[in-house]
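Reader: I would like to go through the terms used for this structure and see what each one rests on. Please set every value against its cut-off.

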Amino acid sequence: MTGHVGKVKQPERIAVVGAGIGGLCTAARLAKAGHLVTIFESSDRTGGKCRTEWIGRYAFDTGPSLLTLPAVYRDFFQRTGDVMGRVLEIEEVNPSFDYRFHDGKSVKFSNLSRKKTLAAISESLGEEAALEWDELMRQAEAMWDVSRGPFVESELKSPLSLLKRPRLMRDLKTIAPWKSLRGLGIRNPYLAKIMDRYATYSGSDPRVAPAVLSTIAFVEEAFGAWHVKGGVGTLSEKITDRCEKLGVTIRLNTYVDEITTKSGAVTGVVVQGHHEEFDRVVANADAQFVYSNLMAPTNKVVKIRKQLAKSEPSLAGFSLLLGLKPSTAEPLAHHTILFPENYDLEFESIFTSKTPVEKPTIYICAPRDPLMVKDAGHEAWFVLVNAPRHDPYEGGFDWSDAEFNQRYAHSIINQIEAAGIAVRERLEVLEIRTPLDLQESVHAPGGSIYGSSSNGARSAFSRAKNRSPIKGLYLVGGSAHPGGGLPLVGLSAEIVANAILD
């Protein structure tokens with residue numbers, strides 16, 4: 001312990017199950033306030049999905065590959081006794097995205113400048129398209145202003161809690177919860193593809209995901225796209241350091257068998273056959289996994305299981321880690337998106353037939369970060385395509401066929417080559433990560449990247465609540481409110497810590 005003197009009058013023993021970003025941030029905030037916090041992590045490292053992995057002489061961000069809303073983490077470090085700029089170096093990614101289309105058209109979005117983005121759209125897609133994007137961003141900004149308080153930065157208790165808001169009717173008109181992303185009626189087909197992609201940011205289907213997801217495009221533009229020097233996994237390392245300095249006990253390779261309760265309240269956890277008593281438990285694992293695998297089926301738990309079963313799991317991802325030798329070609333932008341001719345076939349494949357997409361949208365993250373390669377001029381690319389979950393028993397896809405995975409990986413490389421980007425002649429490392437790999441490494445059921453999807457108007461309410469109906473149990477992370485992705489998971493930790501400290 002660091003001899004840290006906290007503010008709480010009666011320090012409690014608090015267990016955190018899982019050392020993902022949400023669990024780590026909650027633990028640090030609670031320890032700073034004076035509670036006695038123990039984190040249990042089943043793997044041999046902290047960070048959950050947020051990790052930078054070295055393979056040979058190359059480092060890859062195998063989880064989040066971008067930081068948006070850095071203020072969430074600036075606030076975290078400040079409130080736990082440090083300054084983010086002292087421990088982490090972040091740099092803006094410019095252009096933020098290079099969007100390339102099947103017919104050779106392309107448009108680069110400028111970081112932190114709508115003016116420059118609109119000029120690029122106008123040049124590539126015409127003035128009318130630029131006017132349409134500007135209108136969409138104004139609408140998205142209005143939605144963000146209305147939704148950030150009640151939906152994103154606060155505990156979402158029930159639809160009733162929102163009905164008490166004095167500006168309800170005006171807010172509802174702005175957010176338009178009955179409208180899907182597709183319901184925005186974007187006229188320009190290229191802009192429509194770009195906007196569809198924001199649904200997949202939360203693992204959702206743009207044909208049914210709510211229009212309010214367009215706020216992600218506004219947030220990205222207004223607050224910027226950032227790269228963490230050395231890889232985004234550095235963020236989880238520095239948050240782990242904060243936890244240790246504040247006296248949090250972190251037990252790696254330690255699997256929690258059960259979260260125990262008595263008379264509807266948490267009593268502790270069972271770890272490797274031994275019961276350990278705790279006043280409260282914060283679960284930083286997939287919500288369905290927590291209620292189905294870690295808790296005895298009491299009436300309350302069964303009721304929650306049924307509620308969570310109504311939410312549709314998010315899509316998964318199939319990724320390639322490519323270590324490339326130097327090239328004389330023009331380097332790629334940090335983020336390049338290759339769109340297919342027919343984007344709808346992607347959603348048909350994933351959500352309807354539950355099969356790998358033949359011609360997927362391909363996301364290439366090619367950081368120009370000397371800290372992520374051992375040799376100058378070499379590059380470490382993370383390539384991701386949306387994929388159906390691993391679900392061989394419920395009519396989904398079975399990702400355990402290594403031969404198929406190899407063939408699929410090479411078909412993706414062929415499609416990158418067909419877009420005029422040379423890969424094969426430079427290839428030194430090729431590693432494949434399937435939804436099954438993600439399921440096994442971080443207990444994400446089916447390899448769902450973001451917990452539950454945002455498919456449908458009520459999706460926000462079908463997520464797991466941060467404050468469980470089981471007294472003393474809290475849920476944090478991507479499968480709980482307010483959702484997946486680094487900014488929302490950081491906010492989730494703040495909401496849970498405040499719920500306990502209040």
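Author: The sulfur of Cys-25 lies 7.4 Å from the closest cysteine sulfur, that of Cys-243, which is too far for a bond, because a disulfide is a pair of cysteine sulfur atoms within 2.5 Å. The model is predicted: local features need pLDDT of at least 70, side-chain atom pairs count only at pLDDT 80 or more, and totals for chains, interfaces and linings use all residues. Residues are numbered from 1 along each chain as its sequence is written, and side-chain values use heavy atoms, with hydrogens and water left out.

Reader: Why is Cys-25 called buried?

Author: Buried means under 20% relative accessible area, exposed over 50%, and partly exposed in between, with a 1.4 Å probe and protein chains only. Cys-25 has 1% relative accessibility and therefore counts as buried. Cys-365 is buried as well, at 3%.

Reader: Why does His-35 count as buried?

Author: His-35 has 7% relative accessibility, so it counts as buried. His-35 sits in the loop between helix H1 (21–32) and strand S2 (36–40); helices (H or I, at least four residues) and strands (E, at least two) are DSSP runs, numbered from the N terminus.

Reader: What is His-35 in contact with, leaving aside its neighbours within four places in sequence?

Author: Contact means heavy atoms within 4.5 Å. By that rule the partners of His-35 include Val-8, Ile-14, Leu-30 and Ile-500. Glu-12 is also one of them, and the side chain of His-35 reaches the backbone nitrogen of Glu-12 at 3.0 Å.

Reader: What makes a set of residues a nonpolar core?

Author: The set must consist of buried Ala, Val, Leu, Ile, Met, Phe, Trp, Tyr and Cys residues joined through side-chain atoms within 4.5 Å. The largest such core has 120 residues, and Tyr-73 and Trp-133 are among those with the most contacts inside it. Apart from it lies another core, of 25 residues, among them Val-17 and Val-256.

Reader: Why are S10 and S11 called paired?

Author: Two strands pair if DSSP finds at least two bridges between them. S10 and strand S11 (residues 265–271) are joined by 6 bridges and run antiparallel; Val-256 stands opposite Val-271 in S11.

Note on methods. A polar contact is a pair of N or O atoms within 3.5 Å; within protein, one must be able to donate a hydrogen and the other to accept it, and residues adjacent in sequence count only if both atoms are side-chain atoms.
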